[in-house]
Amino acid sequence: MNALTRRVGIGTVTVSMALALAACGEAGDGDDKGSDGDGKTIGLLLPENKTTRYETFDRPIMESKIKSLCGDCEVKYNNAAQDIETQKKQFDALITQGVKVIILDSVDYKSTKGWVERAEKEGVQVVAYDRLAEGPLAAYVSYDNEKIGRLQGGALVKALGSKAKSANVVMINGSPTDPNAPFFKKGAHSVLDKNVKKIAYEQDIPDWSPDEANKKMATAIDKLGKDGIDGVYSANDGMAGGIITALKQRGIDVPVGGQDAELAGLQRLLSGDQSFTIYKQIKPEAETTAEIAVRLLKGKKIDDLTDRKVDSLSGDYKGIPAKLYDAQAITKDEVADTIVKDKVYKVGEICTKQFKKACDEAGIK
């Protein structure tokens, strides 16, 4: 799963950018952080907190890695809570404070072009994290997101089994402002369109909202009828939770898949409510991003950390140094050998009293 993707079409790369502000280092208030910067500060901007991974994994992993590589470096962090203007203010503030390297996971990638262009003029280097931002980026680190969509589509087809060819499938896609979402969708369609009867209902969900996914699923049930749905593609685990709630309320039991291997999603795998999720090892993605940021801060090369070049989605910026990681689809049978083995969550966190029997059956101890 850590292997790099074999190739990425120049126009088919996506990413999510993350940024944040708020001091996490231990530099004192008396440190000189004038407009010229002190060469010791990295900005980290993340896009939202509805998806649990950002605060649970991405942020602490990057902060820890930066600290290990640069003991006297400071991280200025903030989360935009899915608000574009909030993130713009956070980004502008970092530049004003003299920060010379910013790790950005954008709320809306289309909005970032002017921000990143301004940063370049001010001598600030921007690393796009998880989502590909627009503008003259110093580097980009993420996953092969179209391939992730293919993994999701393939896992749903497998879950449908012999019923796949006659199946009516509902697709609940990610946020239109996330540049990764169209690639997840494209990859999933490339598999589902050839292997199921039809996509009977499809909606994009703003802000990856589980509540909105729940509402759209209820609408799909009203439109197609209780017996008119054979499986559901959910772009992530958070929305899968809302979808499964809507299905249960109407007494519908069909395969539903997600993405991100969130704790609640893993527990739904074990209980049988969710069929699969996509496990993306966040640690290598986050640590590589942190190392790139530290090297840029110190004026060092990053060629050995970025093994390919990608273009911005608009095509305006070409040859961005990039590193893209692979992911894998997992069911309850793979939780022990992936999530538990990699120490993403402790057994006690997954196997609470409610899920202990399911954990025992899955060999999680």
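## Disulfides

A disulfide here is a pair of cysteine sulfur atoms within 2.5 Å. By that rule the count is 2 disulfides, and their pattern in the protein chain is 1-2, 3-4, with bonded cysteines counted along the chain. Please keep in mind that this is a predicted model, in which local features need pLDDT of at least 70, side-chain atom pairs count only at pLDDT 80 or more, and totals for chains, interfaces and linings use all residues. Residues are numbered from 1 along each chain as its sequence is written, and side-chain values use heavy atoms, leaving out hydrogens and water.

Cys351 is joined to Cys359 with an S to S distance of 2.0 Å; at -95 degrees about the S-S bond, this link is left-handed. Cys351 has 16% relative accessibility and so counts as buried (under 20% relative accessible area, with a 1.4 Å probe and protein chains only). Cys70 bonds to Cys73, S to S 1.9 Å, and both are buried. The torsion about their S-S bond is about 70 degrees, so the disulfide of Cys70 and Cys73 is right-handed.

## An open sheet

Now to the strands (DSSP runs of E, at least two residues, numbered from the N terminus). An open sheet of 4 strands runs in the order E7-E6-E8-E9, with parallel pairing; strands pair if DSSP finds at least two bridges between them. Strand E7 (198–204) and strand E9 (256–257) stand at the edges with a single partner strand each, so one side of each lacks a neighbour in the sheet. Strand E8 (residues 231–234) pairs with E9 over 2 bridges, and Val232 stands opposite Val256 in E9.

Technical notes:
Buried < 20%, exposed > 50% of the residue type's maximum accessible area, 1.4 Å probe, protein only.
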